[in-house]
Amino acid sequence: MTSQNPVQDRLDELDGQETSARVLLERTLRLAGRRLDHHRDSGPVLRLAVGFHRRAEHAAAELDSCIAHLERTDGP
């Protein structure tokens with residue numbers, strides 16, 4: 001965070017959290033698929049994927065909420 005604007009810093013942080021969680025979710029699902037292909041227990045990997053999915057969704061929802069709030073309050 002290089003900005004002097006705390007709002008923009010928070011928006012950037014949320015965007016980064018969503019992006020990283022989605023990347024981790026994709027990797028985790030690939031790992032789960034490989035485990036299923038080899039008939040290994042994929043339960044722990046799938047639980048981890050659910051956690052990454054929830055983290056991404058939470059960050060996306062908070063980001064949308066912040067942007068909507070800024071749009072409502074941004075006036076003349």
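Which residues are buried in helix 2? They are G43, V45, A49, F52, A56, A59, A60 and L63, where buried means under 20% relative accessible area, exposed means over 50%, and partly exposed lies in between (1.4 Å probe, protein chains only). This is a predicted model, in which local features need pLDDT of at least 70 and side-chain atom pairs count only at pLDDT 80 or more, while totals for chains, interfaces and linings use all residues. Residues are numbered from 1 along each chain as its sequence is written, and side-chain values use heavy atoms, with hydrogens and water left out.

**The helices**

- Helices (H or I, at least four residues) are DSSP runs, numbered from the N terminus.
- Helix 1 covers residues 6-37, and helix 2 covers residues 43-73.
- Helix 2 has 31 residues and reaches 45 Å from its first C-alpha to its last, close to the 45 Å expected at 1.5 Å a residue. That expected span is 1.5 Å times one less than the number of residues in the helix.

- The structure holds four salt bridges. A salt bridge is a side-chain nitrogen of Lys or Arg within 4 Å of a carboxyl oxygen of Asp or Glu.
- One of them brings together the side chains of R10 and E13, at 3.0 Å from N to O. These two residues of helix 1 are three residues apart, about one turn of the helix.
- R10 is partly exposed, with a relative accessible area of 28%, and E13 is partly exposed as well, at 31%.
- Another salt bridge joins the side chains of E18 and R22, at 3.1 Å from N to O. Both lie in helix 1, four residues apart, again about one turn of the helix.
- E18 counts as buried at 18% relative accessibility, whereas R22 is partly exposed at 28%.

**A link from helix 1 to helix 2**

- R22 also has a salt bridge with E57, where the side chains meet at 2.8 Å from N to O. Because R22 lies in helix 1 and E57 in helix 2, this pair ties together parts that are 35 residues apart in sequence.
- E57 is partly exposed, with a relative accessible area of 38%.
- Salt bridges that share partners also join R10, E13 and E62 into one network.

- Q17 has its place in helix 1 and counts as partly exposed at 30% relative accessibility.
- Q17 and E57 are 40 residues apart in sequence, and their C-alpha atoms are 9.8 Å apart in space.
- V45 is found in helix 2 and is buried, with a relative accessible area of 8%.
- V45 and L29 are 16 residues apart in sequence and 7.7 Å apart in space, C-alpha to C-alpha.

**A positive patch on the surface**

- R27, R30, R34 and R40 gather in a patch of positive charge on the surface. Lys and Arg count as positive and Asp and Glu as negative, while His and the chain ends are not counted.
- Such patches are made of residues with over 30% relative accessible area and no salt bridge, with like charges joined within 9 Å. The place of a charge is taken as NZ of Lys, CZ of Arg, CG of Asp or CD of Glu.
- Accessible areas come from the Shrake-Rupley method with a 1.4 Å probe, and for residues only the protein chains shown count as cover.

Conventions:
Patch = residues over 30% accessible without salt bridge, like charges linked within 9 Å, V, L, I, M, F, W, Y side chains within 5 Å.
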